[in-house]
Amino acid sequence: MGALLCSDDVHIPMKSHTSTFGGNPLACAAALASLEIIEREKLVERARILGEYFQEGLRAIQSQKIREVRGLGLMLGIELKEKAGPYVQQLMERGVIVLLAGATVIRFLPPLVITKEEIDLALSAVREVLA
């Protein structure tokens, strides 16, 4: 299930964006169930609160390698003053799954159901790797 939003400046020719199984009853039921859980569990508010907690923890890390910490909700990034690839590898070896976002940014995209304890484990690993 997906959606696409764009301004009137973007022209997508008629019938050029299709899907074989898009919008089928099963996909629609799964999408509705997902939205119901997001609302019932207040996952958007949870992402805001835990994202602030995670971001504050990242900002508190004392490392000369960090240029900037930024993010929105639980979508977070640490921009380094050097290439981030080796640090991404070290974090993954410690069980923290992260991605690169360009050559110098470590990107965190945890699930909306992450716990404070799991965030603390990730922060500990980041502290260790960037020491």
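This is a predicted model: local features need pLDDT of at least 70, side-chain atom pairs count only at pLDDT 80 or more; totals for chains, interfaces and linings use all residues.
## Arg 40 and the end of helix α1

Arg 40 is exposed, with a relative accessible area of 55%, and this residue belongs to helix α1. Arg 40 takes part in a salt bridge with Glu 41, in which the closest N and O atoms are 3.6 Å apart. Glu 41 has a relative accessibility of 44% and therefore counts as partly exposed. Arg 40 and Leu 123 are 83 residues apart along the chain, and their C-alpha atoms are separated by 28 Å.

Lys 42 lies in the loop between α1 and α2, the latter covering residues 43–59. The backbone of Lys 42 has a positive phi of about 50°, although this residue is not a glycine. Lys 42 counts as exposed because its relative accessibility is 58%.

Pro 25 is placed in helix α1, which runs over residues 25–40. With a relative accessibility of 70%, Pro 25 counts as exposed. Between Pro 25 and Ile 38 there are 20 Å in space, C-alpha to C-alpha, for a separation of 13 residues in sequence.

Helix α2 contains Glu 56. This glutamate is exposed, its relative accessible area being 57%. Glu 56 and Val 69 are 13 residues apart along the chain, and the distance between their C-alpha atoms is 9.1 Å.

How many salt bridges does the structure hold? The count is seven. Two of these involve Arg 70: one joins its side chain to that of Glu 68, at 2.8 Å from N to O, and another pairs Arg 70 with Glu 79, where the closest N and O atoms are also 2.8 Å apart. Through shared partners, salt bridges connect Arg 67, Glu 68, Arg 70 and Glu 79 into one network.

Is Glu 79 buried or exposed? Glu 79 is buried, because its relative accessible area of 17% falls under the 20% cut-off.

Leu 32, Leu 35, Ile 38, Val 44, Leu 112 and Val 113 make a nonpolar surface patch of about 530 Å². Which element gives the most to this patch? Helix α1 does, with three residues.

Leu 112, one of the patch members, is located in the loop between β4 and α4. Leu 112 is partly exposed, with a relative accessible area of 34%. Leu 112 can therefore be counted in the patch, since 34% is over the 30% that patch residues need.

## The largest pocket

The largest pocket has a volume of about 340 Å³. Its lining comprises 17 residues, and those nearest the pocket centre are Gly 95, Val 96, Ile 97, Pro 110 and Ile 114. By class, the lining divides into 13 nonpolar residues, one polar residue and three charged residues.

Which elements each supply at least two residues of the lining? They are β4, residues 105–108, and α4, residues 116–129. The largest share comes from α4, which contributes four residues to the lining. The loop between these two elements, β4 and α4, holds Leu 112, a member of the nonpolar patch described above.

Notes. Residues are numbered from 1 along each chain as its sequence is written. Side-chain values use heavy atoms; hydrogens and water are left out. On a 1 Å grid over the protein atoms alone, a cavity is a set of points where a 1.4 Å probe fits but cannot get out, and a pocket is an open set with protein on both sides within 12 Å along at least five of seven lines; lining residues have an atom within 4 Å of a point. Grid points are joined across faces, edges and corners, and a volume is the space filled by probe spheres set on the points. Ala, Val, Leu, Ile, Met, Phe, Trp, Tyr, Cys and Pro count as nonpolar, Asp, Glu, Lys and Arg as charged, and the others, Gly among them, as polar. Patches are made of residues with over 30% relative accessible area and no salt bridge: like charges are joined within 9 Å, nonpolar side chains (Val, Leu, Ile, Met, Phe, Trp, Tyr) within 5 Å. Accessible areas come from the Shrake-Rupley method with a 1.4 Å probe; for residues, only the protein chains shown count as cover. A salt bridge is a side-chain nitrogen of Lys or Arg within 4 Å of a carboxyl oxygen of Asp or Glu. Buried means under 20% relative accessible area, exposed over 50%, partly exposed in between (1.4 Å probe, protein chains only).
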